[in-house]
Amino acid sequence: MVGKNCFAIASDRRFGVQLQTIATDFQKIYRIHDKLFLGLSGLGTDAQTLYQRLVYQHKLYQLREERDMKPETFASLVSARLYEKRFGPYFCQPVIAGLSDEDKPFICTMDCIGAKELAKDFVVSGTASESLYGACEAMFKPDMEPEELFETISQALLSSVDRDCLSGWGGHVYVVTPTEVKERILKGRMD
């Protein structure tokens with residue numbers, strides 16, 4: 001979700017196989033660098049493999065270019081990596097959120113073969129995406145400050161995962177501004 005010169009990215013913490021919960025502290029949001037984050041919903045092993053490949057590609061880019069990757073460039077890289085595996089895809093839906101050099105927020109999501117969906121307000125993915133769309137549309141306001149953005153994305157996440165039996169066990173929220181990154185853990189329903 002996008003705010004005024006900031007963005008927030010959030011996920012639940014449940015890792016499960018169908019209706020069986022395996023872990024309650026699973027990481028789904030990854031830091032690429034201080035102004036770029038990647039959220040991966042979907043099959044856990046594919047998400048971890050894709051993350052490792054993308055970190056490898058980003059480190060090669062840093063060595064070659066001597067700078068961090070822009071969010072738009074990283075989104076194109078993710079899309080290309082997913083599309084090259086289109087006949088045996090990674091079963092995950094990435095959410096990319098970052099701040100450009102001018103501190104303008106960038107968010108996008110894509111399907112498992114790399115088709116990008118760009119937005120100016122919010123993007124969602126995962127099993128609770130239908131209820132997340134409704135909650136985000138109801139709560140989103142343009143140009144929110146970081147604290148208001150945190151409250152909005154937290155309420156949207158918690159109210160949405162309460163309506164989905166395959167999500168939950170709290171939340172993990174990052175609020176990123178040009179000067180700092182705030183990470184917070186939310187407590188949610190525990191069933």
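**Figure 1. Pairing of strand 6 with strand 7 in the predicted model.** Strand 7 (residues 105-110) runs antiparallel to strand 6, and five bridges join the two. Within this pairing, Val95 stands opposite Thr109 of strand 7. The two strands form a hairpin with five residues between them. In the turn, Asp103 has a positive phi of about 60°.

**Figure 2. Strand 6 and its pairing with strand 5.** Strand 5 (residues 36-42) pairs with strand 6 in the antiparallel sense, over seven bridges. Val95 of strand 6 is the bridge partner of Gly39. Strand 6 spans residues 92-99 and is mostly covered, as seven of its eight residues are buried.

**Figure 3. The largest pocket and its lining.** The space in this pocket amounts to about 820 Å³. Its lining comprises 39 residues, of which Asp12, Lys28, Ser41, Ser125 and Gly126 are the closest to the centre. At least two lining residues come from each of strand 1 (7-12), strand 2 (15-17), strand 5, helix 1, strand 6, helix 3 (129-139) and helix 4 (146-161). Strand 1 gives the most to the lining, with five residues.

**Figure 4. A nonpolar surface patch that includes Leu60.** Tyr56, Leu60 and Leu63 make this patch, which covers about 340 Å². Leu60 is located in helix 1 (residues 44-65). Leu60 counts as partly exposed because its relative accessibility is 33%, a value between the 20% limit for buried residues and the 50% limit for exposed ones.

How values were computed:
Residues numbered from 1 in each chain as written. Predicted model: local features only at pLDDT ≥ 70, side-chain atom pairs only at ≥ 80, totals over all residues. Heavy atoms only, no water. Patch = residues over 30% accessible without salt bridge, like charges linked within 9 Å, V, L, I, M, F, W, Y side chains within 5 Å. Areas by Shrake-Rupley, 256 points an atom, 1.4 Å probe, with all protein chains shown as cover. Salt bridge = Lys/Arg side-chain N within 4 Å of Asp/Glu carboxyl O. Helix = DSSP H or I, 4+ residues; strand = E, 2+ residues; numbered from the N terminus. Buried < 20%, exposed > 50% of the residue type's maximum accessible area, 1.4 Å probe, protein only. Pairing = 2+ DSSP bridges. 1 Å grid on protein atoms, 1.4 Å probe; cavity = no way out; pocket = protein on both sides within 12 Å on 5 of 7 lines; lining within 4 Å. Points joined across faces, edges and corners; volume = space filled by probe spheres on them.
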